[in-house]
Amino acid sequence: MPVSPARVARGAEGGAAGRARPGARRCHGSGRVTCEAEAARAAMGGSASLLPREALCEYQELTFLSKQEILLAYKRFSELLPKEERENACSARVPKSQILTLPELRANPFQHRICRVFSTSYDGDDSMSFEDFLDMLSVFSDSATSDIKSHYAFRIFDFDDDGTLDRKDLEKLVNCLTGQGEESRLSNMEMEQLIQNILEESDIDKDGTINLSEFQHVISRSPDFASSFKIVL
C-alpha cells in the first residue's frame, strides 16, 4: 500500500510521517519474509491478515512505531468503523466523534486540536484515515524525537493556525490546562500576569508572540516534556 501524498508532505515539513526511524530496516528480499512471519506472530484478532505485509513494513519504516504497535493501531482503528467497513479500514475514514471515544483521547484537554492537526480531510471535518491515525500515534510514541514532538505540540497549541502563539492562543492553552470550571478558572488579572510571565521567558525577539524556534528553545530546557507528550494505546 503506497504512502499517501499527505503523509509524504507532512514528513517534508518535519513530521514523523515520511521520516524513517533510526535503525529501521528496509523490507527487501528476505526481509519481507521476516516481516510476514513477525506480522503473523504479532497478529491480534486477525488484524495482520487484513494489513498487507508490504504496508506493515512501509509503515514501520516511515513512523516511530514497531510492527506490534502498528498492528494494535490497525485493530483499534478498525474497531471504530461499522463492521461492514472493517475489511477496508486502510481506505476508510473514521469521524472525529468516533476518534474521540478512544479512552486515550477522551480525557485529553487538547483532543479537538489533536484531531484538527493530524486530520488530512479535505472537508475540514477532522475525520481520520488509518495513516492519519498512525501519524498521531507515531508523534506521541516514546520513540519519537523531542524535535518532532515539540513541532507538533506547537501546532496543537496554535489554536488559530497562524504559525505563532499569541496572547489568545496562550489564554486558550492555559484554560485547557486549568479547566473551565469556576473553581479552577483564573481571574483576568491572574491570566494576564501568567501570560506576561510566559512571554517574558519565551519571547526572545520581543514581538509579543512565540514562534516555533522560541517554543522549541523553551521545550529544550524541559527534560520531562518528551516523556509526558505521549499517547499509548
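Colleague: What makes the contact between the side chains of Arg-116 and Asp-126 a salt bridge?

Modeller: The N to O distance between the two side chains is 2.6 Å, and a salt bridge is defined as a side-chain nitrogen of Lys or Arg within 4 Å of a carboxyl oxygen of Asp or Glu, so the pair qualifies. This is a predicted model, in which local features need pLDDT of at least 70 and side-chain atom pairs count only at pLDDT 80 or more, while totals for chains, interfaces and linings use all residues. Residues are numbered from 1 along each chain as its sequence is written, and side-chain values use heavy atoms, with hydrogens and water left out.

Colleague: Which parts of the chain does the pair of Arg-116 and Asp-126 tie together?

Modeller: Arg-116 belongs to helix 8 and Asp-126 to the loop between helix 8 and strand 2 (128-129), so parts that are 10 residues apart in sequence are tied together; helices here are DSSP runs of H or I with at least four residues, and strands are runs of E with at least two, numbered from the N terminus. Arg-116 and Asp-126 are also linked with Lys-96 in a network of salt bridges.

Colleague: How many salt bridges does a search of the whole structure find, and what is the N to O value for Asp-132 and Arg-93?

Modeller: The search finds 10 salt bridges, and the side chains of Asp-132 and Arg-93 meet in one of them at 3.0 Å. This pair links distant parts of the chain, since Asp-132 is in helix 9 and Arg-93 in strand 1 (residues 93-94), 39 residues apart. Asp-132, at 1% relative accessibility, counts as buried, while Arg-93 is partly exposed at 32%. Another salt bridge joins the side chains of Arg-167 and Glu-192 at 2.8 Å; Arg-167 lies in helix 11 and Glu-192 in helix 12, so the pair ties together parts that are 25 residues apart in sequence. Here Arg-167 is partly exposed at 34%, and Glu-192 is partly exposed at 42%.

Colleague: How many aromatic pairs are found in the whole structure, and what makes the pair of Tyr-59 and Phe-130 stacked, tilted or edge-to-face?

Modeller: There are 11 aromatic pairs in the whole structure. For Tyr-59 and Phe-130 the centre to centre distance is 5.7 Å and the angle between the planes is 75°; rings of Phe, Tyr and Trp (its six-membered ring) pair if their centres lie within 6.5 Å, and planes under 30 degrees apart are stacked, over 60 edge-to-face and the rest tilted, so this pair is edge-to-face. Tyr-59 in helix 4 (residues 53-62) and Phe-130 in helix 9 (residues 130-139) are 71 residues apart. Tyr-59 is buried at 0% relative accessibility, and Phe-130 is likewise buried at 0%.

Colleague: Why is the pair of Phe-110 and Phe-157 called tilted?

Modeller: Their ring centres are 5.1 Å apart and their planes meet at 50°, so the pair is tilted. Phe-110 lies in the loop between helix 7 (103-106) and helix 8 (111-118), and Phe-157 in helix 10 (residues 146-157), so parts that are 47 residues apart in sequence are tied together. Phe-110 is buried at 10%, and Phe-157 is buried at 14%.

Colleague: Which residues form one aromatic cluster with Tyr-59, and which residues of the largest nonpolar core touch the most other members?

Modeller: Tyr-74, Phe-77, Phe-130 and Phe-133 form the aromatic cluster together with Tyr-59. A nonpolar core is a set of buried Ala, Val, Leu, Ile, Met, Phe, Trp, Tyr and Cys residues joined through side-chain atoms within 4.5 Å, and in the largest one, with 55 residues, Leu-51, Ile-114, Phe-118, Phe-130, Phe-133, Met-136 and Ile-156 touch the most other members. Among the elements giving two or more residues to this core are helix 4, helix 5, helix 8 and helix 9.

Conventions. Buried means under 20% relative accessible area, exposed over 50%, partly exposed in between (1.4 Å probe, protein chains only).
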